[in-house]
Amino acid sequence: MEDKIKEQANFIQLKKDNILRIGIKDSDGNDTGEHLEFDMESVDLPLKLNQCEAQHRRNISDLKMQMTILKKKQDKKGEYLLSWKQEQEMKLIKNFYLKEIDALDLFLGNGGTRKLLNGREPYYSMYDDISEIIKPILPLLKLRTDDIISKIKNKYNDKNDGKVLE
């Protein structure tokens, strides 16, 4: 009995309230066993979505700039089938994909993009496709953000002078 009391004293039980858990299905409609989790009370969640979009725009801009610079360089024979310039283009695109995964993971959580890719390699329109997939949950995030703001205003409303945080 004493061991059980000691064990309980060495642990705390964490709450998982207001966590939106979304399962992931493959293109055939089969459950992949993976899921995404969103803390619906996190005030950072909408900010992360904005950061994700801003990073995506920077990624596109950077890729265009690097491709323009590469286009101006002299091409030469590559190691195997591709020319040197083609090899460099593939490296730029691969780096772009990695940056896109990082941008999406800002919102989806670490590894979230790979879960949605479900084994597929990253591809150029991946950001747009994933944005389309998560579109149905965005209204839920908006409602929860408004609810959090309202709760904070109500909780910290100074009832003596009637002023509400604004």
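Author: This is a predicted model. Helix H2 has 28 residues and reaches 40 Å from its first C-alpha to its last, close to the 40 Å expected at 1.5 Å a residue.

Reader: Which residues of H2 are buried?

Author: Leu45, Cys52, His56, Asn59, Leu63 and Leu70 are buried in H2.

Reader: Why is asparagine 59 called buried?

Author: The term applies under 20% relative accessible area. Asparagine 59 has a relative accessible area of 2%, and is therefore called buried. The place of this residue is in helix H2.

Reader: Which residues does asparagine 59 contact, leaving aside its neighbours within four places in sequence?

Author: Asparagine 59 is then in contact with Phe96, Lys99, Glu100 and Ala103; the criterion is heavy atoms within 4.5 Å.

Reader: How many cavities of 30 Å³ or more does the structure hold?

Author: The structure holds 1 cavity of 30 Å³ or more. About 50 Å³ of space lies in the largest cavity. The term cavity is used because a 1.4 Å probe fits there but cannot get out.

Reader: What lines the largest cavity?

Author: The lining consists of Asn59, Asp62, Leu63, Gln66, Leu92, Asn95, Phe96 and Lys99. Helix H2 (44-71) and helix H3 (84-108) are the elements that give two or more residues to this lining. By class, there are 3 nonpolar, 3 polar and 2 charged residues in the lining.

Reader: How much space lies in the largest pocket, and which elements each supply at least two residues of its lining?

Author: About 240 Å³ of space lies in the largest pocket. A pocket, by contrast with a cavity, is an open set. Strand E1 (19-25), strand E2 (31-39) and helix H5 (126-134) each supply at least two lining residues, and E1 gives the most, with 4 residues. The pocket is lined by 14 residues, of which Gly23, Ile24, Lys25, Leu116 and Ile133 lie nearest its centre. The lining divides into 9 nonpolar, 3 polar and 2 charged residues.

Definitions and conventions:
Residues are numbered from 1 along each chain as its sequence is written. This is a predicted model: local features need pLDDT of at least 70, side-chain atom pairs count only at pLDDT 80 or more; totals for chains, interfaces and linings use all residues. Side-chain values use heavy atoms; hydrogens and water are left out. On a 1 Å grid over the protein atoms alone, a cavity is a set of points where a 1.4 Å probe fits but cannot get out, and a pocket is an open set with protein on both sides within 12 Å along at least five of seven lines; lining residues have an atom within 4 Å of a point. Grid points are joined across faces, edges and corners, and a volume is the space filled by probe spheres set on the points. Ala, Val, Leu, Ile, Met, Phe, Trp, Tyr, Cys and Pro count as nonpolar, Asp, Glu, Lys and Arg as charged, and the others, Gly among them, as polar. Buried means under 20% relative accessible area, exposed over 50%, partly exposed in between (1.4 Å probe, protein chains only). The expected span of a helix is 1.5 Å times one less than its number of residues.
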